[in-house]
Amino acid sequence: MRKNLLFGFLVLLTSFQYASAQERKAPSYPLITHNTYFSVWSNSDKLTGSTTTHWTGAEQSLIGLINVDGTDYRFLGKEPENFRTILPASDEKSYAVKYTETQPDGDWTAAQYAATGWKEGMAPIGDGRENKIRWRSHDIWIRRAFTITQTDDINKLLLKLSWDDNIEVSLNGEKIFDKVGVSKGYEMVPLEKSKLKIGENILAMHVVNTGGGTRADMGLVDKEKPAITKELEVADQKNVSINATQTIYSFKCGKVDLDVTFTSPLILSDLNLLSRPVSYIAYKVKANDGKTHNVKVFFSASTDLAVNKPTQPVTATKYSTAGLSILKAGTDEQPILQKNGDDVRIDWGYVYIAAPKTTGATQFITTGRGSVDAFRKGSTETTDTKGTRLALNTIIPFGKVGAVAVSKFIEIGYDDIYSMQYFKTNLRPWWNNSGKETIEGQLTKAATEYPVILQKCSALNKSLYADAIKSGGKAYADLCVLAYRQSIAAHILVKSPQGEILWFSKENFSGGFVNTVDVTYPSAPLYLIYNPKLMQGMLNGIFYFSESGKFDHKFAAHDLGSYPHANGQTYGEGMPVEESGNMTILTAAICKAQGSPAYAKLHWKTLTTWVDYLVQEGFDPANQLCTDDFAGHLARNANLSVKAIVGIGCYAQMADALGEKATATKYRAIAKEMVGRWMKLAGDKDHYTLTFENPGTWSQKYNLVWDKVLGLDLFPQSVYDTETKYYISKQNEFGLPLDSRRTYTKSDWILWTATFAPTRKEFDALVDPVYKYALETPTRVPLSDWHETTNGKQTGFQARSVIGGYYMKMLHDKLNAKK
C-alpha cells in the first residue's frame with residue numbers, strides 16, 4: 001500500500017514538474033509584430049510579470065485592466081519604472097568632462113586627482129556624427145565632477161550607463177562597477193546613496209573599444225516608487241498559447257473569465273495585408289459563475305512607442321472618423337529617417353490607438369503615471385497632450401456579461417510616413433507607395449475586414465503547424481511557430497524607384513546593417529516556402545548595387561548600409577566567397593521554388609561574374625570572414641568551401657534550366673571535381689575538419705543542406721552519414737556547438753544540419769536540444785540565435801530574422817515532394 005502511495009506521489013510530482021517545465025512557451029512573447037520599429041514583446045511567462053518592451057529591451061509600456069463589479073484586475077503589463085534625474089546623462093543634456101586617451105598616471109579615479117594635461121569637452125562621447133567628443137581609439141578615461149546638496153529624498157539610487165565595449169566605473173575613488181561586453185542601450189546599476197558626498201563628487205569611467213562602434217555615457221537617477229497601489233488585484237493567468245499570427249492569454253478575473261488575443265496578421269502571400277501596420281487586441285469576456293456582472297476593460301499605451309528615447313517630447317491628440325475613435329501621438333521633432341544604427345527606435349511618424357465606434361469606447365490622454373489612477377477613479381478627462389511618457393487610454397464597456405461570451409477589439413497601428421532611404425531616395429511604406437493612402441484608411445479597412453482577416457490567420461495558423469508537424473514533429477513545429485512573427489518583424493516592405501519589391505531586413509543587435517546578405521541567407525527558407533517574391537525582394541537591392549556600378553567588384557556586397565539607410569555597404573570588410581555563394585544559391589532556390597529560371601535570367605551576367613569568382617577563390621578560401629564572423633577570420637574554411645562548391649553547382653542547375661547545356665556541363669564538372677578534392681583535404685577518419693588538413697578539428701557543415709534541398713547531387717551520401725553520426729557525439733545539453741573552437745552555437749545552423757540528417761531519429765536528436773534551449777534559456781529576450789550550449793544563455797544577438805531558417809526542413813520537404 002505504501003509503495004502504491006509513494007508511486008502515486010512520484011507520478012504526481014513528476015506531472016507537476018513537467019507541467020511547470022511546460023509553462024513557458026517562449027523566452028519572450030510577441031504581442032505587436034510588424035517591422036523592426038513597430039515591435040512590442042512581453043519578456044515574462046505571465047503577462048503581468050514585466051513591463052512590455054521593444055525588442056531592443058527599451059520600455060514600451062502597454063497596460064490592461066478589467067473592472068468586474070467595481071473590482072479592478074491588472075492583466076497586461078507591469079507599471080513602467082519611472083526615474084527622476086539626479087545627474088543627467090547625455091540623452092537628456094550635454095555635460096562637461098575631462099578626458100584622456102593616454103593611460104593616466106597615479107590614482108586617476110580619486111576626487112583630489114589633478115587631471116593635469118587632460119582634455120576638456122562636452123558629452124556625448126563616441127564615434128558617431130552626433131557626438132561632441134569623437135572617440136575612435138582603443139581606450140578613453142573620463143572624469144565628471146558634480147555637486148550633491150542632499151540625499152534624503154532619494155528612493156533608490158541607480159548609476160545610468162551606456163558603453164561600447166568594456167567598462168570600469170569609480171565614484172570618489174571607489175570602484176562601483178565593471179563589466180566586459182557592450183551595454184544594450186542604457187543599463188541601470190543599483191548604488192548605495194551613502195556613497196554620495198554632500199558637496200563635490202567625481203565619477204570616473206574607463207571604457208575600452210575592442211572594435212566596431214564606440215560610446216561612453218554616465219549619469220545618476222532615482223527610481224521612483226510605483227504609482228499603482230497595492231490593493232490593485234492581479235488577474236490569475238490560466239494559460240498562454242502562441243500560433244503563427246497570434247499570442248493568446250486566458251485569465252480568471254474573479255467571477256469573470258477573460259481571453260486576450262494579440263493578432264498581427266502577417267500573411268506572407270498578401271503583400272498589402274502584410275505591409276499594413278495594424279495589429280488587433282481582442283477581448284473576450286464571460287461569467288464563470290452562472291450570473292451576470294458589470295464589466296469594462298481599460299487599455300493604456302505609452303507614447304514611448306513613438307520615441308527613440310523617453311526624454312523626447314511628444315504631442316498626443318484625440319479625434320474620430322466616421323467609424324473609429326482614434327488616439328494619435330508622435331515626437332514634436334519628427335526627424336524622418338535621420339537616425340540609423342542598431343540600438344535605435346523610431347522617433348518619427350505616429351502611433352495610433354483606434355476603437356470601432358460600435359464598441360462604445362471612451363478615449364482620453366494622461367501622463368503615464370496618471371493613467372491607471374484616472375481609470376480607477378472613474379475619470380476620463382484628457383489632462384496632458386504635450387510632454388514625455390504620456391498615456392493613450394481607452395475604456396471599452398462590456399455592460400452586463402453572463403455565460404455567453406462577449407468579444408470586442410481595438411487596433412494599434414503605426415504610420416512611419418517614410419520607411420527607408422534607398423540610394424538617397426526616401427521610400428514610403430508599401431501600403432502607401434502612391435502617397436495617396438492614409439493611416440485612417442488602413443485602420444478603417446482593418447476594422448471592416450476584421451472577421452475575414454481572422455479567418456485568414458486561422459487558416460494559416462492551422463496549415464503551417466500541420467505542415468511543420470508532418471516535417472519534423474511537435475518540438476520542430478513549436479520552434480517554427482516561434483520563428484514566424486519574429487523573422488517577419490525584422491523586415492520592412494517597400495518598392496524601389498525601379499518598381500521592384502524590396503523586402504529589407506535589419507541586422508538586429510548584431511550591427512544594425514540593412515539587407516545583410518549573410519542574414520538574408522539563413523532567413524530564406526521561410527520566404528521561399530510562403531512567397532518567393534519576398535525572397536526576390538531580399539536580393540533585388542544587392543543585384544542593383546552591383547549592376548548599377550555602385551559596387552564595382554567581382555563578388556557580391558555584404559550589405560546595403562546602416563538601417564534605415566540603404567545607400568551602400570557600410571560593413572568594414574567584405575565577405576567575398578560568403579556573399580557570392582549566398583546570392584547564387586538563393587537565386588537558384590528562387591528558381592526552384594517558382595519552377596522557372598526567369599529570375600536567374602534577369603541577372604545572368606552578374607551571377608556568371610560571381611560564380612567565376614567562386615571557381616577561382618572559393619574552393620580553398622583565403623583568410624576571409626564568413627557569416628560566422630563573430631568567431632573571427634578563418635583560412636581554408638571547409639564549410640565555406642562547401643558553400644562555393646554548392647554555389648557553382650547551383651549555377652550549373654540554373655544554366656541547365658535556361659537551356660545552356662554546355663555551360664551547365666562545364667560548371668557541374670567543376671563542382672564535382674571539387675567535391676573529390678574537398679573530401680581528401682577535409683577528411684579526418686570519422687568526420688570532416690573545420691579547416692583543410694587540420695586533424696582534430698570539426699565544424700557543422702550546414703552549407704551542405706542545399707545539395708539535398710535543391711537536388712544537386714554533388715556530395716556522396718557517405719559525407720552526410722559520417723558528419724551526422726559525429727555531430728550526435730558532440731552535442732551538449734542545449735545543442736550542437738558551431739565548431740570545435742567554442743561551445744556556443746547558432747540554432748538556425750543546427751536546424752539546417754538536422755535537415756540533412758539521414759534518419760528522423762537523428763533529426764530529432766539534433767532538434768530537441770534547441771527546443772529545450774527555447775523553453776529553458778535564462779535570457780528573456782526575443783529568441784537569440786546565438787547561444788551557449790552548456791547553459792542555454794544568450795551569447796549575443798536577439799530578435800533577428802535568421803530564425804526563418806528553422807523552416808529549412810519544411811522547405812526541403814516541399815521542394816522534394818513527389819509530384
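## Close-up views of a predicted model

**Figure 1. Lining of the second largest pocket.** Sixteen residues line the second largest pocket, and those nearest its centre are Lys-25, Ile-242, Tyr-465, Asp-478 and Val-481. The structure shown here and in the other views is a predicted model. The space within this pocket amounts to about 320 Å³. At least two lining residues are supplied by each of β19 (236–242), α5 and α16. Helix α5 gives the most to this lining, with seven residues. Divided by class, the lining of the second largest pocket holds seven nonpolar, four polar and five charged residues.

**Figure 2. Packing of helix α5 against helix α16.** Helix α5 spans residues 450–488 and helix α16 spans residues 760–776; their axes lie 9 Å apart, at an angle of about 35°. The crossing of α5 past α16 is left-handed. On the α5 side, the contact involves Ser-471, Gly-472, Gly-473, Lys-474, Ala-475, Tyr-476, Asp-478, Leu-479 and Leu-482. These residues meet Arg-760, Phe-763, Asp-764, Val-767, Asp-768, Val-770, Tyr-771 and Ala-774 in α16. The contact of α5 with α16 comprises nine nonpolar, three polar and five charged residues. Asp-478 of α5, which takes part in this contact, is also among the residues nearest the centre of the second largest pocket.

Figure 3. Nine strands form an open antiparallel sheet in the order β19-β20-β21-β22-β30-β26-β25-β24-β28. Strands β19 and β28 (386–387) stand at the edges with a single partner strand each, so one side of each has no neighbour in the sheet. Within the sheet, strand β22 (residues 278–287) runs antiparallel to strand β30 (residues 406–415), and eight bridges join the two. Ala-282 stands opposite Phe-409 in β30. Helix α5 lies across β19, β20 (246–253), β21 (256–263), β22 and β30, and runs at about 100° to β20. Helix α4 (residues 439–448) lies across β22, β24 (314–320), β25 (324–331), β26 (350–356) and β30, and its direction is at about 155° to β30.

Figure 4. An open sheet of three strands has the order β38-β39-β40, with antiparallel pairing. Because β38 (744–746) and β40 (794–796) are edge strands with a single partner each, one side of each is left without a neighbour in the sheet. From one strand to the next, the twist averages 40°. Three bridges pair β38 with strand β39 (residues 786–788) in the antiparallel sense. Thr-745 stands opposite His-787 in β39. Helix α15 (residues 747–755) lies across β38 and β39, running at about 65° to β38.

**Figure 5. The largest cavity.** Three cavities of 30 Å³ or more are found in a search of the whole structure. The largest has a volume of about 160 Å³. Its lining consists of 17 residues, of which His-34, Asn-35, Ser-275, Pro-277 and Ile-492 are the closest to its centre. Two or more lining residues come from each of α2 (271–275) and β33 (491–495). Strand β33 provides the largest share, three residues. The lining of the largest cavity divides into 12 nonpolar residues, four polar and one charged.

**Figure 6. The second largest cavity.** The volume of the second largest cavity is about 130 Å³. Of the 21 residues that line this cavity, Cys-626, Asp-628, Asn-637, Asn-639 and Arg-741 lie nearest its centre. Helix α11 (residues 638–657) gives the most to the lining, with three residues. By class, the lining of the second largest cavity contains seven nonpolar, nine polar and five charged residues.

Figure 7. The peptide bond from Ala-123 to Pro-124 is cis, with omega near 10°. Pro-124 is placed in the loop between β8 (119–122) and β9 (125–126). Tyr-563 and Pro-564 are likewise joined by a cis peptide bond, for which omega is about 5°. Pro-564 lies in the loop between α7 (532–547) and β35 (565–566). Phe-509, a residue other than glycine, has a positive phi, near 50°. Phe-509 belongs to the loop between β34 (501–505) and α6 (517–530).

Key
Residues numbered from 1 in each chain as written. Predicted model: local features only at pLDDT ≥ 70, side-chain atom pairs only at ≥ 80, totals over all residues. Heavy atoms only, no water. Axes fitted to C-alpha atoms, helices over the stretch in contact; angles between N-to-C directions. Helix = DSSP H or I, 4+ residues; strand = E, 2+ residues; numbered from the N terminus. Left-handed = near helix turned anticlockwise from the far one by under 90°. Contact = heavy atoms within 4.5 Å. Nonpolar A, V, L, I, M, F, W, Y, C, P; charged D, E, K, R; others polar. Pairing = 2+ DSSP bridges. 1 Å grid on protein atoms, 1.4 Å probe; cavity = no way out; pocket = protein on both sides within 12 Å on 5 of 7 lines; lining within 4 Å. Points joined across faces, edges and corners; volume = space filled by probe spheres on them.
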